[in-house]
Amino acid sequence: MPPHCVFLYRKMPSKMQAICKCNRDEVLKEMKQMTLEEARLYEKNQGSLILPEERPVFHVTPWIGWLNDPNGFSIYQGEYHLFYQYYPYDIHWGPTHWGHLKSKDFIQWERLPAALAPDTAYDAQGVFSGSAVELPDGRQLLMYTGVQGKDNTPECHQTQCIAIGDGINYQKYEHNPVITTDDIPETCFAKDFRDPKIWWDQEEHCYFAVVGVRVADSSGAVALFSSKDGLSWNYVNILDYCRNEYGKMWECPDFFEIGEKALLIVSPQEMRAQGLTFHNGNDVMCLIGTYDHTKHQFTRERVEAIDYGLDFYAPQTLKTTDGRRVLIGWMQAWETSHLCPQGAKWNGQMTTPRELTFDHGQLLQNPVKELAAYRQNSVIYTNVPFQQHTELSGVSGRVLDMTVKVRPEHDQSLEYFTIRLAANEAYNVALSYDPLRGTVCLDRTNSGFCYNIITKREAPVKDQGGKIDLRIILDRFSIEVFLNHGEQVMSACIYTPQEAEQIFFEAKGSGWFDVEKYEIKV
Ligand code: FRU
């Protein structure tokens, strides 16, 4: 069948497909090459039409079209690979493919052709999120969720699948799927079984994978599986249950240790707001505890938010060869993800990769150290007195890394400290510190995004007698704020016109602040 017929067949309503004389299996077979090839051709042709200034400078965006979760964030042949949930043909979500990039330093990314397309019966509704490892024979193994059957129909079915390749081209495993809900000995729902995160365990000499699943009480859990070869998998146990306490389905689990602590990160759906820690809807939650390697038991000690901003979801981590745990997230919220600027040819971006560490039991997140190599043209001010309105020469821009240290004269001598960024007379994004309440508020009400959506969120900060450290990363279409050396992080997209690039400081009280500002040039 000629390629254009295959394409038309795919677009037909299923009834017409049924009466169409062609043999469906043959068509699907042809579609297999067709679909990935089609995506690769499309992204190459259309992606090049997006001008560099229409994208962030160092945040990952799709080559063309739609991006959601980071996938397969891992090291392969000495380089960082990042795949992403991808629908090239629209700026809105569609049956997902895997887009692909690689990097030597987390900052400069090289685009590679799309890696996977929804081209088999078991993943026809989408090649959903997953992860990657390097195999001992030098090949790369991708583990992903194959979705068949339309969402919210009894046919909807999610299974875990494998593809193996050389870092560019991947072959789906002939015995896919490799894990189904039938492998789990308790009641769980095949329509919510997704997002495998795989890793190699040196001590046990086997692979493990965590997968999000929905169990009998209709809320989420994280199932653990093991495998000697990455192809044949055994159920181990459930690492933790939601028990309807933190949202419903738990998406995109990740599980790893930092020192003595075990961290289970999940992205719950349908969460109910809890103070400043969690907001309604899709959230990201870090369960911190310990892990018994012999019994494969995770003991939860506490629960924390990973990000207090407006746009953050489905993060994934890797461990660098020098032992750092680096996290990258989708810098977007599902609820507002359809609202992107008119005429945009891409939609969706990743966060700056962050290093996770512990300091006296406190989880810290800070931009990867590699970012420092791209800082240029430093502008430094010290002991600037608090005033109602301050502008500092050279402190402006939309692609920057800036640290502001606020030091009141004494405890309680500061009423508020506000930084307005991406500002001009019409626009600004405000970051306001309220020492009495112990909060920082990120407010994009005036960022030029005229929709009736939530535009503010607050993060709690610890009392340091009114002192605070704010590290702000701007990259054209986003702001990320690291509070007090990474104790809290706030991430948000901003679509403020690029000419709004001034920065203002406003304070009420007595004291001083220091500014260290760099442009980021890549
Ligand atoms: C999370 C998620 C995943 C799923 C993917 C589909 O954002 O819903 O659970 O695999 O997106 O694109």
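This is a predicted model: local features need pLDDT of at least 70, side-chain atom pairs count only at pLDDT 80 or more; totals for chains, interfaces and linings use all residues.
Local features require pLDDT of at least 70 and side-chain atom pairs count only at pLDDT 80 or more, whereas totals for chains, interfaces and linings use all residues. Residues are numbered from 1 along each chain as its sequence is written, and side-chain values use heavy atoms, with hydrogens and water left out.

The ligand is surrounded by 13 residues, a residue being counted if one of its heavy atoms lies within 4 Å. The closest are D69, Q85, R194, D195 and E251. By class, the shell comprises five nonpolar, four polar and four charged residues; Ala, Val, Leu, Ile, Met, Phe, Trp, Tyr, Cys and Pro count as nonpolar, Asp, Glu, Lys and Arg as charged, and the others, Gly among them, as polar. At least two shell residues come from each of β1 (65-76), β5 (126-134), β9 (188-201) and β13 (250-258), where strands are DSSP runs of E of at least two residues, numbered from the N terminus.

The distance is 2.7 Å for a polar side-chain atom of D69, 2.9 Å for an N or O atom in the side chain of R194 and 3.0 Å for a polar side-chain atom of W93. The ligand taken alone exposes 320 Å², of which the protein buries 95% (Shrake-Rupley method, 1.4 Å probe).

The structure holds 28 aromatic pairs, defined by ring centres of Phe, Tyr or Trp (its six-membered ring) within 6.5 Å. Because W93 lies in the loop between β2 (79-87) and β3 (97-103) and F128 in strand β5, the pair ties together parts that are 35 residues apart in sequence.

An open antiparallel sheet is formed by six strands in the order β22-β32-β23-β28-β29-β30, with pairing requiring at least two DSSP bridges. β22 (375-385) and β30 (488-493) stand at the edges with a single partner strand each, so one side of each is left without a neighbour in the sheet. Seven bridges join β22 to the antiparallel strand β32 (residues 511-520), and I380 stands opposite E516 in β32.

Two backbone features occur in loops. The peptide bond from N176 to P177 is cis, with omega near -5°, and P177 is found between β8 (170-172) and β9. R243, in the loop between β12 (233-241) and β13, has a positive phi of about 50° although it is not a glycine.

Notes:
Helices (H or I, at least four residues) and strands (E, at least two) are DSSP runs, numbered from the N terminus. A polar contact is a pair of N or O atoms within 3.5 Å; within protein, one must be able to donate a hydrogen and the other to accept it, and residues adjacent in sequence count only if both atoms are side-chain atoms. Rings of Phe, Tyr and Trp (its six-membered ring) pair if their centres lie within 6.5 Å; planes under 30 degrees apart count as stacked, over 60 as edge-to-face and the rest as tilted.
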